[in-house]
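Here are my notes for you, point by point. Keep the structure open as you read.

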Amino acid sequence: MSKADPSLNPMEAAYAAYRDGDRALAERLYAEALSRNPKDAAALQGQGVLRFEQGRKQEAVALLGQAAALAPASAGIRRNHAAALAANGRFAEAAQEYRAALGIEPGVAADW
């Protein structure tokens, strides 16, 4: 189990926990960030990705959709939202999100 590095800001610590496989700590840190700022696009994305991994795909779509609305210039958020939409059978909306991500980062082959 990883521990939050006190030298990291809360969002860096949450992502580090996620990257290190400590999903419980990451979830707690993302939730704390959202309790302080419900419009934190990065925290919404983190929670959305966790919900997707937990099989809670409708919640993932909602969280990632909120994040995309708050940070429309983030190709990563748009890409994650597209994946969640596609997993829910919402293919036309997913294609729109992938196109948006490509408009931001045209060189990402996975979006094609």
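1. Starting at the N terminus, the protein's elements go α-α-α-α-α-α. Its radius of gyration is 14 Å, close to the 13 Å that the globule rule gives for 112 residues, so the protein is as compact as a globular protein of that length. (That radius is taken over C-alpha atoms, and the rule is 2.2 Å times the number of residues to the power 0.38.) The count is six helices and zero strands, where helices (H or I, at least four residues) and strands (E, at least two) are DSSP runs numbered from the N terminus.

2. Bear in mind that this is a predicted model, where local features need pLDDT of at least 70, side-chain atom pairs count only at 80 or more, and totals for chains, interfaces and linings use all residues. Residues are numbered from 1 along each chain as its sequence is written, and side-chain values use heavy atoms, with hydrogens and water left out. The average pLDDT (the predictor's confidence in each residue, from 0 to 100) is 91, and 92% of the residues score at least 70. Confidence is lowest in α1, with a mean of 92, and highest in α4 (residues 57-70), with 98.

3. Now look for charges over rings, meaning NZ of Lys or CZ of Arg within 6 Å of the ring centre and within 35 degrees of the ring normal. Arginine 23 sits over the face of tyrosine 18, 3.8 Å from the ring centre.

4. Which residues line the largest pocket? Met11, Tyr15, Tyr18, Tyr30, Ala42, Gln45, Gly46, Val49, Leu50 and Asn80 do. (A pocket is an open set of points on a 1 Å grid over the protein atoms alone, where a 1.4 Å probe fits, with protein on both sides within 12 Å along at least five of seven lines; lining residues have an atom within 4 Å of a point.) Helix α3 (41-53) gives the largest share, five residues.
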